Amino acid sequence: MANLQPSRRRFLGGLGAAGTAALLSGCVTSTSSGKSSSKGNVTLQSNLSAPQAKTAMEDIVAAYAKKGSGKASLNTVAAETFRTQLPTYLTSANPPDVYTWYPGSVADAYAKKNLLLDLDEVWNSSHDLKRYSKAQNKLCTSSAGKKVFVPATYYWWGMFYRKSNFAKWGVRELPKSWDDFLDLCDKLKSKGIAPIGLGAGGNTPWVASAWFDYLDIRINGAQYHRELLAGKHRFDDPEVRKVFDRWQEVHRYFDPNGTALAFQDATTALLNGKTGMMLIGTFFADSAPKNALDDIDFFRFPIIDAKVPLAEEAPVDGYFASARTGRREQVYDLMRYLATVEAQETYIKGSSGTVLPCNPDAKDAGTALVKKGRAHVASATEITQFFNRDSSDALQPTADTALTKFLAKPQQIGSILTDWQRDAEKIWNA
Amino acid sequence: MAVLTAPERKSPARTPAGGKRARGPRRTPPLVLAFVLVPLLAESVWVFWPALQGFYLALTKWDGVSTPQFVGLDNFREMANDDVFRSAAAHTVLWLVVFGGLSAVLGLAAALLLQQERRGVGFYRAALFLPVVFSLVATALVWQAIYQPDGVLNRLLDAVGLGSLQHPWLADQDTALYAVIVPALWRQIGYVMVLYLAGLKGIDPALYEAAKVDGASAWQRFRHVTLPQLRSVNAVVLSVIIIDSLRSFDVVWSLTRGGPYHSSELLSTYMYSTAFQSLRLGYGSALAVVIFVLAFGVICSYLVRAFREAD
């Protein structure tokens, strides 16, 4: 034993010295500036891991290969892993080239750190992108004025219900104003139904943010909402308090299990007639049985203040690319393809078909629901994305904590908002 | 820890032949050196190095993208005034006491009950040990179904006339933490039982016979023969329980993610959500350092005492 000692000690000593030296030089976390190799397929990192969406992405990649101008290899990662790993992907020395993600402030946060590839070239050369709406143009432009994103599809949020159930309960007129809405809630409650389903339990507490978003854009307007999420206002301001005053008026109509069920289970409760309606995005249809889809309809979140410009939540999904890619030309080519009618129709055909294409010439799934959804979004003067997309993924958990607490203890709203502001400041200052 | 002692443990295996020793005490067979150095090198790349990075990151402000900013002890200062950290620490202590205490007591009870070789005892042992085999995430999924508002537990309560006790177990701040401890306990008891069974097997039956001859009651035999004889196993069980309590993460994360509003937050889940959801990796690393110090401190002090007693 004794004769091993010196060499081990020397070795450990050397290790320690090497470690200290590296620490001092700061190479622990320094961002490397390598480029990925310029040969091989363009890598497309996708978070669309639901079975239908995954197949649809595979179809797109196959169709792109058939076109012959280039090849892409798809790498599908579980959504939660993708979200937590995205900063790591983008800062690694040899990053994947193209990513599925969201435009707006989420993309801009990365663009500000010079992690996203400048796509001006794609937007200027693609005949498809030239025809995209002005709103989408704006959404894909970074604060530095560069295009960093290519949009592909969007979907909408609304107050969804089951037609046959509403008929059974004698609901003839859909509410337009806040008072109509309260009347409807009263009526449903008198029949022993929980009027409003939520689905903010399990692993989907973020669903509750839809209520915050909608009440805020109805009361304070989309502009204020965006500024609030960007840290230009405070969560303990009287404007935000007004949002919760309204929420308190409907609090007793919420399903008491609203924070215990994930949105998939809340969908089941809605379809079974245990709850009356639910503020949700069209993705919920993925967890509904196919035969129930024709029986589903939605109405607009009630208008509270007619003076506030009409805004709707219609999140856009699409693609951005790493600034460190070594396959710039191939990425441009793939991006141009992803903006085409062919690519977007391929995706809609392969997936559950409740999303709308961003390309104005591409056809949607053509169902009555989708047509109504398209008109619903088109009639809005302002479009918001969703809480996390209009702020950052890091701010979302602060909202989850505040809103679940509000739903459990509405009378403590004062201290909840103070805590929310404190937590949000930590994120904004991080 | 284990890593640091590994070379020492390996060293007795080196039994050089007499002839070799004559060549000088500094001489080590290259194969042995390789056995020691190669794993050490792997460990240092995959364990020591990231650990050192973690200590460094604890002193920085880092969002995972930009270059970390050195902020000294600011993260630890923030921790002193962080309510969530305080409640997470309190929950971790509660977890340690309830989860650790119950799994030790119940594990020992199960081991005592099942130590005799009777018919069918193998079945019961296997049944108790089986949960250890499942991944905790799978376990959590099963328990999530049990705890659902219209899940097994609530239906059972309703069926036996206790419908008034029905609860959204995981969504209520008063029950969430306990509802999460139960599945963890369900798994841990089997593990602790196996450790104690091994310990009980090692006790000399002659001791019990002698105690019986002296007229000791069953309780006295347990108190004065079994427990003292299990001392070495106790050390292992205690270390296992403390480490498992402090690293308990998977079951909490899968069931509640520390919610509703931090009411089932442990240090481990708080560390994860701070680092990877809020992207405050500096503060998250500082939390990790605290967890490390706690685990290391408790276990070291216990082991030092235990070994001193053994000498």
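The legends below describe close-up views of a predicted model.

Local features are given where pLDDT is at least 70, side-chain atom pairs count only at pLDDT 80 or more, and totals for chains, interfaces and linings use all residues. Residues are numbered from 1 along each chain as its sequence is written, while chains are lettered from A and ligands numbered from 1 in the order in which they are written.

**View 1. Overall fold of chain A.**
Chain A contains 19 helices and 12 strands; helices (H or I, at least four residues) and strands (E, at least two) are DSSP runs, numbered from the N terminus. Its radius of gyration is 24 Å, close to the 22 Å of the globule rule for 430 residues, so chain A is as compact as a globular protein of that length. The radius is taken over C-alpha atoms, and the rule is 2.2 Å times the number of residues to the power 0.38. The C-alpha trace of chain A spans about 85 × 60 × 45 Å along its principal axes. Of the 430 residues of chain A, 48% count as buried (20 or more other C-beta atoms within 10 Å of the residue's own; exposed means 12 or fewer, partly exposed in between, with C-beta atoms placed from the backbone). Among contacts in chain A with a separation of 6 or more, 79% join residues 24 or more positions apart; a contact requires C-beta atoms, placed from the backbone, within 7 Å.

**View 2. The largest nonpolar core.**
This core has 170 residues, and A:Ala107, A:Val150 and A:Met335 touch the most other members. Helix H9 (residues 176-201) of chain B gives the most to this core, with 10 residues. A nonpolar core is a set of buried Ala, Val, Leu, Ile, Met, Phe, Trp, Tyr and Cys residues joined through C-beta atoms within 7 Å. Leaving aside residues up to four places away in sequence, A:Ala107 touches A:Trp101, A:Tyr102, A:Leu116, A:Val148, A:Phe149 and A:Phe320.

**View 3. The six-stranded sheet of chain A.**
The strands of this open sheet follow the order S2-S1-S3-S10-S4-S11, with mixed pairing. Strand S2 (72-76) and strand S11 (356-357) of chain A are the edge strands, each pairing on one side only; two strands pair if DSSP finds at least two bridges between them. Strand S1 (residues 42-46) and strand S3 (residues 98-101) of chain A run parallel and are joined by two bridges, with A:Leu44 opposite A:Val98 in S3(A). Helix H2 (residues 51-67) of chain A packs on the sheet, touching S1 and S2 of chain A, and its direction makes about 170° with that of S2(A). Helix H14 (residues 328-338) of chain A also packs on the sheet, touching S1, S2, S3, strand S4 (150-154) and strand S10 (316-321) of chain A, at about 165° to the direction of S10(A). Axes are lines fitted to C-alpha atoms, for helices over the stretch in contact, and angles run from 0 to 180 degrees between N-to-C directions.

**View 4. Strand S5 of chain A and its partners.**
Strand S5 (residues 157-162) of chain A is mostly covered, with six of its six residues buried. Five bridges join S5(A) to the antiparallel strand S7 (residues 275-281) of chain A, where A:Phe160 stands opposite A:Met278. Four bridges join S5(A) to strand S8 (residues 296-299) of chain A, also antiparallel, and A:Tyr161 stands opposite A:Asp297 in S8(A).

**View 5. B:Val105 in chain B.**
B:Val105 lies in helix H5 (residues 83-113) of chain B. B:Val105 counts as exposed because it has 12 C-beta neighbours inside 10 Å.

Note on methods. Contact = placed C-beta atoms within 7 Å.
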